[in-house]
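Opening my notebook on a new protein model. I'll jot down what I look up as I go.

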Amino acid sequence: MNLALYIARRYLFSKKSHNAINVISGIAVCGVALATLALVCTLSVFNGFHDLISSFFTHFDPQLKVEAVRGKTFAQDSAMLASIRQVEGVEVVSMTLEDHAMAKYQEQQAMVTIKGVDDDFEALTGVGEILYGNPEFKLYDAVADYGIPGIQLMYILGMGMQPFDPIEVYAPRTGTKVNMTNPLANFRRMPLYSPGTVLNINDARYASSYIVASLDYAQRLFDCEGQISAIELRLAPEANTARVKRTIQQLVGADFTVHDRYEQQEATFKVVKIEKLVSYLFLCFILMVACFNIISSVSMLILDKRDNVETLRSMGATQRLTERVFIYEGNLIAFLGAIVGLVLGIVLCLLQQKFGFIGLGGSGQFVVDAYPVRVKLLDVLLVFISVIVVNAVSVWLPIKLLNKYFMKKL
């Protein structure tokens with residue numbers, strides 16, 4: 001049996017001669033418990049926001065996307081496409097060309113992103129589920145090119161569902177001298193007609209600036225014949241995304257990158273991770289301040305138990321043993337506070353998950369009414385380890401010095 005731990009446990013729960021020691025110990029436990037609860041709840045809320053953002057993935061976000069490392073476009077390679085199609089787990093492969101342009105409808109104009117897609121795009125994304133108006137996904141016929149704008153862009157340009165006039169799309173010409181006398185000559189202008197449908201998509205990026213057109217139209221508009229900007233993939237439901245991604249990355253080589261959905265939205269998720277890390281570090285500092293209450297509790301205990309320590313010393317106890325008794329005492333207080341805080345934090349998060357009683361406010365202006373939460377086992381373990389480590393760092397040296405000072409008075 002660990003004698004120092006046994007004595008520390010007896011000291012923690014035994015009656016003290018001064019009631020103030022019990023009060024201070026209780027305050028120390030509550031301080032650690034509240035800091036632990038705050039850590040669990042804060043990390044769980046960030047997990048909830050991470051999941052909420054993930055739920056915003058749309059039909060426009062492919063499961064995997066292959067892009068060139070250098071440059072915006074690369075040549076269509078039928079051999080590479082055939083090889084990718086043979087990878088186990090890949091169901092649909094689609095080529096796309098995406099770039100910026102200016103769109104003008106009558107007197108209204110806006111900067112837009114033209115996304116040129118091939119005939120496999122509908123099978124890749126299930127885009128028919130987000131079409132409003134004419135349900136037919138039609139991008140060209142024998143006489144005209146068609147473009148499907150986002151629903152917000154339709155209002156920005158002042159279009160109706162059945163506009164008579166085409167959208168005039170302007171893109172800079174490449175490889176030509178700038179004509180200062182006639183600026184419009186520096187742009188290629190190509191019309192897009194409306195098929196009587198818009199993209200009713202729950203993502204402002206796409207709804208307010210995207211126009212879907214055919215790949216052939218985009219290649220002619222941007223003067224990129226035989227070029228594409230990405231290969232987009234849909235996987236089988238049972239496919240392992242990480243494994244398929246590694247296989248395709250090995251297949252296409254170092255000149256290309258393969259991104260999953262999270263990496264395609266890397267900037268957004270990176271912000272969430274940074275905010276989570278900063279909040280964690282800030283709360284760890286608060287936890288360290290709370291741990292200094294333990295020093296007060298143990299200091300009072302050292303004074304209260306001086307007679308007991310003197311008896312132990314006369315029976316042969318070493319200085320190291322007496323130091324360990326009070327260090328264990330501090331660790332037990334932190335452990336008790338951590339357990340109480342973890343239990344309360346998990347219970348509070350589960351209640352929030354089920355009932356959503358802590359709202360965001362804003363009278364329905366947000367996507368969700370209450371804070372989203374998700375408790376992760378790894379976060380719980382991280383919080384518990386953090387409490388123990390922070391307590392050890394903040395308490396060990398002061399207790400060691402105090403114990404040596406008081407023992408010299410014996």
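Predicted model: local features only at pLDDT ≥ 70, side-chain atom pairs only at ≥ 80, totals over all residues.

**Entry 1: the core**

Which residues have the most contacts inside the largest nonpolar core? I looked them up: Phe-60, Ile-114, Phe-137, Phe-222, Ile-231 and Ile-248, in a core of 65 residues. I then checked which element gives the most to this core, and it is E3, with eight residues. Apart from this core I found another one, of 34 residues, and Val-32, Leu-37, Cys-291 and Val-390 are among them.

What does Ile-231 touch once its neighbours within four places in sequence are left aside? My list has Leu-64, Lys-65, Val-66, Phe-74, Met-80, Leu-81, Ile-84, Val-93 and Ser-94.

**Entry 2: the whole chain**

Next I zoomed out. I counted 13 helices and 13 strands in the protein chain. The chain has 410 residues, and 45% of them count as buried. Its accessible surface comes to about 21,600 Å², and carbon and sulfur atoms hold 59% of that.

I also looked at contacts with a separation of 6 or more: residues 24 or more positions apart account for 80% of them. One pair I looked up is Tyr-262 and Ile-53, which are 209 residues apart along the chain, with their C-alpha atoms separated by 9.8 Å. Tyr-262 sits in helix H9, residues 261–264. I noted Tyr-262 as partly exposed because its relative accessible area is 40%, and that label covers values between 20% and 50%.

**Entry 3: cysteines**

Is Cys-291 buried or exposed? Cys-291 has 0% relative accessibility, so I wrote it down as buried. Cys-30 comes out at 45% relative accessibility, so I put it down as partly exposed.

Gln-106 is not a glycine, yet its phi is positive, about 55°. I found Gln-106 in the loop between strand E3 (90–105) and strand E4 (108–117). Its relative accessible area is 46%, so Gln-106 is partly exposed.

Asp-223 isn't a glycine either, and it has a positive phi of about 55°. Where is Asp-223? I traced it to the loop between helix H7 (215–221) and strand E11 (227–228). Asp-223 counts as partly exposed because its relative accessibility is 38%.

Last stop, the surface. I found a nonpolar patch of about 800 Å² there. Which residues make this patch? They are Phe-335, Ile-339, Val-343, Val-347, Leu-351, Phe-355, Phe-357, Ile-358 and Tyr-371.

I followed up on Phe-357, which I found in the loop between helix H12 (319–355) and helix H13 (377–408). Phe-357 has 45% relative accessibility, so I marked it as partly exposed. Patch residues must have over 30% relative accessible area, and Phe-357 is one of the residues in this patch.

Notes. Residues numbered from 1 in each chain as written. Heavy atoms only, no water. Patch = residues over 30% accessible without salt bridge, like charges linked within 9 Å, V, L, I, M, F, W, Y side chains within 5 Å. Areas by Shrake-Rupley, 256 points an atom, 1.4 Å probe, with all protein chains shown as cover. Salt bridge = Lys/Arg side-chain N within 4 Å of Asp/Glu carboxyl O. Helix = DSSP H or I, 4+ residues; strand = E, 2+ residues; numbered from the N terminus. Buried < 20%, exposed > 50% of the residue type's maximum accessible area, 1.4 Å probe, protein only. Contact = heavy atoms within 4.5 Å. Core = buried A, V, L, I, M, F, W, Y, C linked by side-chain atoms within 4.5 Å.
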